[in-house]
Amino acid sequence: MAGEDRIYVLYGSVEEGISGKVEREIFSIEELRSEKENKEENVWILVLVGLGLAYFFFWRFQMKQLVKNMDKKTN
């Protein structure tokens with residue numbers, strides 16, 4: 001059963017049917033995805049990139065504080 005935003009089609013070769021070759025042994029089923037579904041995937045990629053950047057900046061801030069504390073101890 002197809003999902004709400006998905007469509008499945010039986011894919012053959014239209015050009016062969018037009019040219020008169022009516023026998024076809026191989027067909028395939030293709031899934032068409034909606035634009036809404038593709039946009040949702042892009043959102044998750046952006047969320048993951050944002051979390052990665054936040055982690056990187058937090059780590060950088062911590063390293064900066066560590067260096068400052070070590071400088072205070074040596075002086």
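User: Accessible areas here follow the Shrake-Rupley method with a 1.4 Å probe, and for residues only the protein chains shown count as cover. What is the accessible surface of the chain, and what share of it belongs to carbon and sulfur atoms?

Analyst: This is a predicted model, in which local features need pLDDT of at least 70, side-chain atom pairs need 80 or more, and totals for chains, interfaces and linings use all residues. Residues are numbered from 1 along each chain as its sequence is written, and side-chain values use heavy atoms, without hydrogens or water. The accessible surface is about 7,500 Å², and the carbon and sulfur share is 62%.

User: What percentage of the residues of the chain count as buried?

Analyst: Buried means under 20% relative accessible area, exposed means over 50%, and partly exposed lies in between (1.4 Å probe, protein chains only). The chain has 75 residues, and the buried share is 4%.

User: Which pattern does the chain follow along the sequence?

Analyst: Helices (H or I, at least four residues) and strands (E, at least two) are DSSP runs numbered from the N terminus. The chain has two helices and two strands. Read in sequence order, they give β-α-β-α.

User: How far apart are the C-alpha atoms of L32 and Y8?

Analyst: L32 sits in strand β2, residues 28-33, and is partly exposed because its relative accessible area is 44%. Y8 is 24 residues away from L32 along the chain, and their C-alpha separation is 6.1 Å.

User: Over residues 43-61, how far apart are the end C-alpha atoms?

Analyst: An unreviewed UniProt entry places a "transmembrane region" at residues 43-61; such annotations may be inferred rather than shown by experiment. In the model, this stretch is 100% helix and 0% strand, and its end C-alpha atoms are separated by 27 Å.

User: What accessible area do the residues of the nonpolar surface patch have together?

Analyst: Patch members have over 30% relative accessible area and no salt bridge, with nonpolar side chains joined within 5 Å and like charges within 9 Å. A salt bridge is a Lys or Arg side-chain nitrogen within 4 Å of an Asp or Glu carboxyl oxygen. W59, in helix α2 (residues 35-74), is partly exposed because its relative accessible area is 43%. Along with I45, V49, L53, Y55, F56, F57, M63, L66 and M70, W59 forms a nonpolar patch of about 1,000 Å².

User: Which residues gather in the patch of positive charge?

Analyst: Lys and Arg count as positive, placed at NZ and CZ respectively. K68 lies in helix α2 and is partly exposed because its relative accessible area is 42%. The residues of this surface patch are R60, K64, K68 and K72.
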